[in-house]
Structures are given as C-alpha cells and as structure tokens.
Amino acid sequence: DDPVVALLNYNFRQGTFFYSSYQQELSISFYRYDLSTVMGEYPLITVQQAKDALDEGYFVSSCVEPYTGTETICRVELVYRHAPWDTVFVPYYKFYIETLPPLAAELGMKTYTTCYVPAVERQYIDGLPLWDGSLNG
C-alpha cells in the first residue's frame, strides 16, 4: 500500500531466470542493491516538464529510430535506471513511445521504444550524456 515501498520493490528487488536447453538447467539470480546510503533528497520535475525535456532532446535511449516529437507517447512511469555495477541511482521518467519503422508499418505491426528523462531538476545533475542518435547513445 506504500507507494515508496512499491517503487523500491519494482526497481530494486529483481530476479532473473535463465534456462539452458543444452544443459537442461535452470538458474535463478536475485539482485540485492545496497540502498543504505542516501546522497540527498532532490525535488522531482513533473511529467510535463519531463515531456518538454524529451522534446528538447534531453534524454537517454538506445532507440534506433530517431525521436522527432511527433510519435505517440503511450505510457510514462517513474523508474530507476541501473545496472549491477552502478553505485548511484537516479530516478527517471520512462517514456514508452510508439514508433513506426517502415517494415513494421508494412506488416501492420506496432513497435515501441523507450526514452529516459531524469526526474530530478537539471541543476542537480552533472554530466548527463545526451542521446546523439546512435545505438546505445
């Protein structure tokens, strides 16, 4: 019932399942992130402010198709982007964007990409790489 606990569980209490048909083995990995140190509390921007930043190109993505601002945003959620080696966690607004690459349009399929905008005011973020249009940019 606590939205803070729900957010932390969604982002930081994860498991991965891997099945090898060759070896007929199932492996399960659980990740436990150290959340014991708080660097500070920072004000979050609104979803509209994040949308404006997205339109300005202030986002991170591994999208192959360029974001033009004319695509349909289908969903927005507050998440923490992280990898097992990260030591600092920053909240982001994750935008799910419907894209229409030529092949998908031809086949009548919908495709989606994600773009991440920091949910913290820019003045508190130093050195965020902006997307340059390349894969894994």
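A nonpolar core here is a set of buried Ala, Val, Leu, Ile, Met, Phe, Trp, Tyr and Cys residues joined through side-chain atoms within 4.5 Å, where buried means under 20% relative accessible area with a 1.4 Å probe, protein chains only. This is a predicted model, in which local features need pLDDT of at least 70 and side-chain atom pairs count only at pLDDT 80 or more, while totals for chains, interfaces and linings use all residues. Residues are numbered from 1 along each chain as its sequence is written, and side-chain values use heavy atoms, leaving out hydrogens and water.

Let's start inside. The largest nonpolar core has 13 residues, and Ala50, Leu54, Phe59, Tyr93, Phe95, Ile97 and Val117 touch the most other members. Two or more residues of this core come from each of α2, β4 and β5. Helices (H or I, at least four residues) and strands (E, at least two) are DSSP runs numbered from the N terminus.

Now to the sheet. Three strands form an open, antiparallel sheet in the order β3-β4-β5, where strands pair if DSSP finds at least two bridges between them. Because β3 and β5 stand at the edges with a single partner strand each, one side of each has no neighbour in the sheet.

| Element | Residues |
|---|---|
| β3 | 72–81 |
| β4 | 90–99 |
| β5 | 111–118 |

Eight bridges join β4 to β5, and Ile97 has Thr113 in β5 as its bridge partner. Not counting residues up to four places away in sequence, Ile97 also touches others including Leu54, Tyr67 and Cys115, with contact meaning heavy atoms within 4.5 Å.

Methods. Buried means under 20% relative accessible area, exposed over 50%, partly exposed in between (1.4 Å probe, protein chains only).
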